[in-house]
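Work through the exercises below with the model open. Try each task before reading its solution.

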Amino acid sequence: AVEEWPLRINVGGAPHEDVYDKKWQQDRYFTTDSGFANIYNEYRFYLSLPMEPLAHTGREDFIYSIPVESPVAVVVNLYFAEVIHKETVGNRVQNVFVEGNQVLTNFDIFETAAILIAPDAPKEVNFDVTDTATQEVVGNSTVVSYNGPNEPFGTIVKVETPMVIIEDGTIDINGEAVTGKTWLTAIEIYATEVVLDIAVTAEKATQTEPFTAIAFVPGTPTQTLTIENKDSRDSKLTMSFDGGNADEFSVEPAEVTLKAGETSTIEVTWTGASSATGPVVTSLKLSKHLRVLISGDIDEKEPNLGVQGDMQMGLITPLSFGGSGKGIQAPLTSNKTATITRVVSFGSEEAITVSVPGEFTVAGSDDVALTKPLEIGSKGTPMRISFAAQDAGDFELIVAFIGSDFQTRFMTVTGRSVKKGEPHYLHPVLDLPPGGYVVDYDGDGKEKILLMGHFSHTHEPKMNVEKWTFNVNGQVVSSSDEKDITEEYDLGVYTVQLDITDMEGKSLADTGSVAVVAIDKVPGCAAFIYKPSVSQLNEFFKAPLDGINLKGSSGTLEPRWIGSSLENGCEFKPDIRSNQIMGSPFKQDLILRAKGVLEVNDDMKNGKGEVMLAVTAEAAVKTMLWLNGKSVSLSKGKAKAKLANGPQEFEISWLIRDPASKPLSLHTKGEATGMDEVSHNQKDYPPFINRITPAKGHVSGGQKITVEGAGFMNPDAAKGGVSLHFGEAAVDYLTDERISAVSGTQIVYEIPPNEETEISVSVETPVGTSNGKPFEYSSRVPPAIKWTNDTTLLSFDNEDPLKDNFIEEWIGSLTQGEFGPDLRLYMSDIGGGIRSLKFTSNSEVEEGSMIEINTIMDKYPGHAITGFGFDPFEDPENPAIYVAHAPMFYWQNGDCFSPESDYAEFIGVLSKLTGPPDFKNHEVVVDGLPMSNHDHGINGVSFDNSGNLFFPIGAMTNMGWPLCILGGL
């Protein structure tokens, strides 16, 4: 059976690499030698023979049977050569069949090639595809030219046939001559695996998601499993044991054939039960995507350990294509204390890694006996899960957690690294709180978490995302058209998975982790920026912290900015453009002071038990380090310290005279500390304001401002006695209706009306009163806009009366709307059309006013309009539309190109249309513009007040790392 996709066959010829760097195999899988033609020898004296050698051999009456592992979904592309160009229509006609579908009927190669190479030729020619059994139309074949660059002679045409499901193990392709000779010169097949719906159940399953799990004890060494074929196809299952202690189990029968809807049983036996001395684990593999997870133990135990059984890491780009992988945290919990003594894994080598720092790390086939038992309690212990694959493929890691006081529990981690030959349209985007945590500032043991999926989308034309499913720690909490949800959770770590589903039921997941943390254990280190005079920099660089202030010999210095690290454990990356630090306006002649608690573990230590520490910065930046209140000598920023496992306090001081560009961070053993290894306490912070955004508001009020800083909320403040001093007003920000959000770091407030003036803003809590910041009321800033309701003026459903006269090419995926100088609303769509409407009022459209502008659609078939605009200096009675357009998924249906040699030309265009109302006059303003091989190209079109035209390019330029998920460019 074929193992590598896409499959490319040079019909009648030897292995070959064509002008597009596609690699074609030697001719194979044909069932008869009849109809072979050496086109080159026979027609080499015809000037129309294509230069591309792919067209120099072929077959006329061809029959191919290509073996595959079914079921599989395939798209077959067929290539034909037109080498004569001297005959007339009707002399060389053929019917072509793929897997029982007639994909070409009366296909006249001469006529079709002539259409495709004619001046002002269409981009494609279409043929209906019929099911030969029912004679129903089931799709269409698209025929395009496949000529190489500057091909001066004949024509190669490519026939793209619709997807079919192969269930009998072979792809059948055959041609049937109607009149004369037509030569098939190449076959190209893309494949996507089809997963059958097979269910396995057990009488006493210990887990059910994503696989059934069963547990044995010596007294019951045999269990019966029931297998049900819920699919519409027959299935043959060949079973084998995989991973762990596979040699200690047997299955009878080892092979089962099930017809659609049929049920059968198998027996699994723990053959090593009588001699077992401890726990064993393995899995019974029934197919590529179906397992039963198996454990055996000498004693019966309770399933006390809590772990999410199904962990989906979503979609990544391979490292070989410039990807970087992804990582999340997931909790291990127990309602009673559970003691882990051993961790076993089997599955994808090295792509997926699961660890608890300082305790264990497993990847691929591993069996780790913990040197010290790991106790898991109700508060939970976070695991790190990372997924980074060198190459494309589907990856799976099974992890078994084994202990002395609980029944073995399994976790399955899966992920997909984008495959070549498989375009991906769905794009799930799960947005979680910054840093991956929320703080329980009020101390009640719980906090609300906002889970956002509204940026999720599909890149597939005519398709929409219809359902968002949020799964938290293995439990579905929402499955609807709600894109964002807010739920309240107790202290702990939570794994969040977002599945999005489109109109056809296709789905894809994104996964992340978020924690609810106590106010005295906020991840990362606390950070303070100070701005003494230049002459006092060295004094305060070495000064000790007194609360949030520095206490020097010349006095006390208050901070100018308070924050914390949101990347790694204690790391601060200056802005790459401005060199400003921590989002502040400061970048030089400053002191950055960080403090926190480092959770020391054995992984941080060398063979002598020393923790290897490094304080990183550029050479020009001075650094100091304190551990548990004592200064530590740094040599080139590095130090060694004998530290016991557990919490150790640290402080770091950086003196930055010139703007820094490299990260400022704390490293252990050569790596940046993890967020779960460093924490800090915000419980005793006095209130402090960093900034107010925006710093100006309209005199009419109604605008929402955000007061940013620290110390706005803690357990004492939550009991009352807090105020936002807004000028003369003291606003209780726990109860006032104008307050829409409060946390320890921000207050969102809707300002009341006021006269033109500048006021002072500060925050008061039981701990103290903050610094003041100015806020200005002005009549020269935009007033607040409050949207009251929305009105549907036009919908593009089948019953809309305005759609009666739409042309067939209309695609209802709108890309932009803009009012023209003629006061009509213009709307572009992904199919290349523009429509305009006339309004009679703010809420009414004039019936029959729809005008269709199809100029781009006619001149550039297949192009999508991604932006347009009007020149403000054109005559409003005779406006001009500037249109940005390019084809989407143009090469190989959006497939990945190999990074070494493939090349894709730039064919994005900026056009100018004139001649209202239908704008039939066209001229090219700029062409040869970059575009991706998915749906990124030229974006919106804008004019400035001087009439200059601007257009952004949201596309790759073929100048850097290729990105497979966007077509390989």
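Contact here means heavy atoms within 4.5 Å. The model is predicted: local features need pLDDT of at least 70, side-chain atom pairs count only at pLDDT 80 or more, and totals for chains, interfaces and linings use all residues. Residues are numbered from 1 along each chain as its sequence is written, and side-chain values use heavy atoms, with hydrogens and water left out.

**Exercise 1. Describe the surroundings of H885.**

Step 1. Locate the residue. H885 sits in strand β78, residues 881–887. Strands (E, at least two residues) are DSSP runs, numbered from the N terminus.

Step 2. Check its accessibility. H885 is buried, at a relative accessible area of 0%. Buried means under 20% relative accessible area, exposed over 50%, and partly exposed in between (1.4 Å probe, protein chains only).

Step 3. List the neighbours. Leaving out residues up to four places away in sequence, H885 touches I856, Y860, H863, A864, I865, G908, V909, S911 and I938.

Step 4. Pick out the polar contacts. Such a contact is a pair of N or O atoms within 3.5 Å; within protein, one must be able to donate a hydrogen and the other to accept it, and residues adjacent in sequence count only if both atoms are side-chain atoms. The H885 side chain makes one with the side chain of H863, at 2.9 Å. It makes another with the side chain of S911, at 2.7 Å.

**Exercise 2. Examine the salt bridge between R780 and E756.**

Step 1. Apply the cut-off. A salt bridge is a side-chain nitrogen of Lys or Arg within 4 Å of a carboxyl oxygen of Asp or Glu. The closest N and O atoms of R780 and E756 are 3.3 Å apart.

Step 2. Compare accessibility. R780 is exposed at 63% relative accessible area. E756 is partly exposed at 39%.

Step 3. The whole structure has 30 salt bridges. Among them is K838 with E846, at 3.9 Å from N to O.

**Exercise 3. How is the aromatic pair of F819 and F839 arranged?**

Step 1. Recall the terms. Rings of Phe, Tyr and Trp (its six-membered ring) pair if their centres lie within 6.5 Å; planes under 30 degrees apart count as stacked, over 60 as edge-to-face, and the rest as tilted. The structure holds 24 aromatic pairs.

Step 2. Read the geometry. F819 and F839 form a tilted pair, 5.8 Å centre to centre with 50° between the planes.

Step 3. F839 is partly exposed, at 22% relative accessibility.

Step 4. Look for a cluster. Ring pairs link F62, F80, F107 and F127 into one.

How values were computed. Helix = DSSP H or I, 4+ residues; strand = E, 2+ residues; numbered from the N terminus.
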